[in-house]
Amino acid sequence: MRRVGARWTEARVLALAPDAGSARAARSLARPGRWSDLGSNDSLVWGKCQGSARDPYQVTVDLNEPAFRCTCPSRKHPCKHGLALLLMWAAGDGSVADLDTAADFAAAWADERAARPTRRAGEPDPEARAKRLAERESLMTAGLDEFERWLFDLVRQGLAGVRGQPYTFWETAAARLVDAQVPGLAERVRSMGSAVHVRADWAQHLLTHLGRWYLAVRAWRGRAGLSPASMGDLRTVLGWPRRSDEVLAGERLRDRWWVLGLRQDEDERLLSQRTWLHGEHTGETVVLLDFAAAGGSLRVPHVLGSVLDGELALYPGSAPRRVLLAGDPTTTVGDGLPVTDTVLAALDLATTWQAGNPWLDRLPMSLGAVTVIPGDDTVLVDRDGTTVTLEREFDPWPLLALSGGHPVDLFGEWIGQRLHPCSVAVDGELISL
């Protein structure tokens, strides 16, 4: 068949990648040895790629829009398989031959697209979206049903034998959840593999989380009756993210937002930062999440102690809410912590939040006039004589040096019945800890 138009350049293909990681992954997959049933005609490119699943992924690209279809579970569009297929076709080395007849799976998809009503450019396809949603929910349901059986087996055999299990015991369960598109719950299961060996209170810790995991399974089955806030909390713990445009189109809140504290976590793959904000007029405490590849830079370098005057878009969920910046706020300098509580008042608020969302694993806490008492278990003592214990891994001596032994205002994260300080107010300035 004589081709209509020229093959694309590699640059044109990679310009379609949703992120740099997808582009790198596509380059590594653009090798004919991983592929079968490759072909192309004047409007379609198709092929099958062997991935981690038993059956090869069926990949088809309509060059006219372009539009992509792949049977892999990735939510990125286009996925790495579609990009890799186009890279091989663009190379023009004969690995993707010009054929008169498209493969059955490619032809069926093209016919299905041709039968759909014509839509304006950029307009979503409600039917296709509903189909993808149903497929994802079905996959998640099957995965959570299997996870429930795993939980029952673990409890039936008794917690005493859990510490003798190899790390693969947890990793296998987590991998199955990932395959079922439940990555948030998978990460919690994976981290338990080390927690049961390093924590002195491992049995209590495990039992607490087993209850929360089982609650997530039961909540998923009853999701039709959940409130929007509870469904937002459930999606978070399961790891079903929302698109930024969907969040920006929803509920918003304008205020002067004080930056109370920053907390960064990094592993070999990802750098993440939580920026805790407090609304001066609304009294709401919210969290802004930012992510970057390990070694990269964050896109939200907010300065501790600054005040952002602007609008935030709120994710569905219970307080404290996750947010997105809904524009470019104006920034000024604040003076210390805008809000503080006694230990009892802060714990009461934390309890209220935890009751609203049982899967919360960290909570913001602002304490006023607390004194550092170092020891094997370092504590903070407020003006009422009530204490709160600091996280064991936290080094108290820089905090003690900054306070000089005097009462200070402090912001931190309440994690597992202990406080991890993030910032301290000294002479009206917030200092990171």
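First, the ground rules. This is a predicted model: local features need pLDDT of at least 70, side-chain atom pairs count only at pLDDT 80 or more, and totals for chains, interfaces and linings use all residues. Numbering runs from 1 along each chain as its sequence is written, and side-chain values use heavy atoms, with hydrogens and water left out.

Now the overall picture. The protein chain has 12 helices and 16 strands. These are DSSP runs numbered from the N terminus: helices are H or I with at least four residues, strands are E with at least two. The C-alpha trace spans about 85 × 55 × 40 Å along its principal axes. Of the 433 residues, 44% are buried. Take the contacts, meaning heavy atoms within 4.5 Å, between residues at least 6 apart in sequence: 60% of them join residues at least 24 apart.

Next, the aromatics. How many aromatic pairs does a search of the whole structure find? The search gives 9. Rings of Phe, Tyr and Trp (its six-membered ring) pair if their centres lie within 6.5 Å; planes under 30 degrees apart are stacked, over 60 edge-to-face, the rest tilted.

Trp-8 and Trp-89 pair edge-to-face, 5.8 Å centre to centre, with 75 degrees between the planes. This pair links distant parts of the chain, 81 residues apart: Trp-8 is in the segment before helix H1 (10-14), Trp-89 in helix H3 (residues 80-91). Trp-8 counts as buried because its relative accessibility is 8%. Trp-89 is buried too, at 2%.

Then comes Phe-152 with Tyr-214: a tilted pair, 5.8 Å between centres, 45 degrees between planes. These two also link distant parts of the chain, 62 residues apart, Phe-152 in helix H5 (residues 126-157) and Tyr-214 in helix H8 (residues 202-221).

Two arginines sit over rings. The criterion is NZ of Lys or CZ of Arg within 6 Å of the ring centre and within 35 degrees of the ring normal. The charged end of Arg-223 is over Trp-220, 4.0 Å from the ring centre. That of Arg-235 is over Trp-240, at 4.1 Å.

On to helix H2 (residues 20-29), where Ser-22, Ala-23, Ala-26 and Leu-29 are buried. They lie on the same side of H2, because they cover an arc of only 125 degrees around the axis. That arc is taken from the directions from the helix axis to the C-beta atoms. The buried residues of H2 pack against H1, H3, strand S1 (35-40) and strand S2 (44-49).

A quick look at Thr-60, in strand S3 (residues 57-62). Thr-60 is buried, at 0%. Its contacts, leaving out residues up to four places away in sequence, include Trp-46, Phe-68, Phe-105 and Trp-109.

Finally, a sheet. What is the order of its 6 strands? The open sheet runs S13-S12-S11-S14-S15-S16, with antiparallel pairing. Two strands pair if DSSP finds at least two bridges between them. Strand S13 (387-389) and strand S16 (429-432) are the edges, each pairing on one side only. Strand S11 (residues 363-373) joins strand S14 (residues 408-415) through 6 bridges. Met-365 has Gly-412 in S14 as its bridge partner.

S14 and S15 pair over 7 bridges, with Leu-410 opposite Val-424. Their hairpin has 2 residues between the strands, and Gly-416 takes a positive phi near 55 degrees. S15 and S16 are joined by 4 bridges, and Ala-425 stands opposite Leu-430. That hairpin also has 2 residues between its strands, with Asp-427 at a positive phi of about 55 degrees. Strand S15 (residues 418-426) is mostly covered: 9 of its 9 residues are buried.

Technical notes. Buried < 20%, exposed > 50% of the residue type's maximum accessible area, 1.4 Å probe, protein only.
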